[in-house]
Amino acid sequence: MVPPMKAIQIVELTGPETALRSSELPEPEPSHMLTPGSGVVVDVAAAGVSFPEVLQTRGEYQFKPPLPFVPGAEVAGVVRSAPPGADVVAGDRVAAFCALGGFAEVAVAPDFLTFALPDSLDFAQGAGLILNYHTAYFALRRRGRLQAGETALIHGAAGGVGTACLQVAKGLGANTVAIVSSDAKEAVARQAGADEVLRSDGPWREQAKEVTGGGVDVVLDPVGGDRFTDSLRSLREGGRVVVVGFTAGAIPEVKVNRLLLGNTEIVGAGWGAHALSRPESNRQTGEALAGLIEQGFISPIVGARYPLEQAGEALRMIDERRALGKVVLELD
Ligand SMILES: NC(=O)c1ccc[n+]([C@@H]2O[C@H](COP(=O)([O-])OP(=O)(O)OC[C@H]3O[C@@H](n4cnc5c(N)ncnc54)[C@H](OP(=O)(O)O)[C@@H]3O)[C@@H](O)[C@H]2O)c1
């Protein structure tokens, strides 16, 4: 008989305070929904907590599994078993994107979304590596076409995606301007490599134009809401706004004449839609990020660590805009 494992399930769609339940469940089979019949089984040491899991507790995320289900998009831990041909083997330290099932002692990930975890990073950092850093690289490099010597302005810069984008942008040789809402978040953005830090409730658009001598090349926006038009206005000619998320709640609408006036672009960046069906693209991004880790540009900032049983508290921290860097659940 398969032994039970500890896991956290979403049992109702009532928000982070009440939607979760601690459960004992059978350990998963070595099969992942993206690679049916095959999967890397990981003994989980740390599970990443992200904005989408907050949305999942309310049924507001685009991916809506039937209840009850174990949330948790990414983990770090030690490989228990791997399919033939995988880049990792039993005993390897890894970071793995499992999409679901990460808030548990054992999780399963596709082989093409499982990456060796360098010794320089601990498990908690590994649990913040895939979703945020693959998104950052995809959004800045591939969608935003950020080049060395250009300037990237990052909204929500002290959050999980924001800190990853600051580090990746510096690794790509760009200058960085961070937008944050508090002193504590300013300190985190500076730790992540921001060259300039501006306040979201101040005249950041004018200040960004001033500190860059005319405008930024790329705006990376995980926040949305009413700052979007100012993001477009902060671009220099030929600049790009990359749409990544909507933590402010509202989905912006723009008058497209603004694009014509400044020869600017708005570009969408949906990492999941791109990556989950493209093994080779993930390997290339994984290699690029491994290089940036080795060169010292990437080191995920973990702002809070909770035991698995306190997953609800971890989700509330994100929901209440209190998160600094990555929020992580640690297992025994
Ligand atoms: N497109 C993709 O492929 C992709 C991939 C991963 C994540 N995402 C999305 O990216 C977004 C950011 O995720 P994350 O993990 O970085 O979240 P996070 O760590 O909670 O950071 C989000 C930041 O948004 C800012 N914010 C502004 N208004 C807010 C509000 N009303 N409530 C909460 N935060 C607010 C906060 O910064 P200030 O307080 O400094 O303003 C906060 O630090 C989410 O929408 C997520 O779904 C998209």
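**Ligand contacts**

I started at Thr-247: a polar side-chain atom there lies 3.0 Å from an oxygen atom of the ligand. I counted as a polar contact a pair of N or O atoms within 3.5 Å. The model is predicted, so I kept local features at pLDDT of at least 70 and side-chain atom pairs at pLDDT 80 or more, while totals for chains, interfaces and linings use all residues. Residues are numbered from 1 along each chain as its sequence is written, and side-chain values use heavy atoms, with hydrogens and water left out.

A polar backbone atom of Gly-160 is 2.8 Å from an oxygen atom of the ligand. Ala-269 puts a backbone N or O atom 2.7 Å from a ligand nitrogen. Alone, the ligand exposes 920 Å², and the protein buries 88% of that (Shrake-Rupley areas, 1.4 Å probe).

**Shell**

I found 24 residues around the ligand, the closest being Val-161, Ser-181, Lys-185, Ala-269 and Trp-271. The criterion is a heavy atom within 4 Å. I sorted the shell into 13 nonpolar, eight polar and three charged residues. Here Asp, Glu, Lys and Arg are charged; Ala, Val, Leu, Ile, Met, Phe, Trp, Tyr, Cys and Pro are nonpolar; the others, Gly among them, are polar.

**Helix pair**

I then checked α3 (residues 130–143) against α10 (residues 279–294): the angle is about 95 degrees, with axes 10 Å apart. That makes α3 roughly perpendicular to α10 (the class covers 65 to 115 degrees). Helices are DSSP runs of H or I, at least four residues; strands are E, at least two. From α3, Tyr-133, His-134, Tyr-137 and Arg-142 meet residues of α10, including Ser-281, Gln-284 and Leu-289 (contact means heavy atoms within 4.5 Å). The contact residues are four nonpolar, six polar and one charged.

Most residues other than glycine have a negative phi, and most peptide bonds are trans. I noted a cis bond between Leu-67 and Pro-68, omega about -15 degrees. Pro-68 sits in the loop between α1 and β4 (74–81). Arg-145 has a positive phi, near 55 degrees. I placed Arg-145 in the loop between α3 and β8 (151–154).

Definitions and conventions: Axes are lines fitted to C-alpha atoms, for helices over the stretch in contact, and angles run from 0 to 180 degrees between N-to-C directions. Angles under 35 degrees count as roughly parallel, over 145 as roughly antiparallel, 65 to 115 as roughly perpendicular and the rest as oblique. A polar contact is a pair of N or O atoms within 3.5 Å; within protein, one must be able to donate a hydrogen and the other to accept it, and residues adjacent in sequence count only if both atoms are side-chain atoms.
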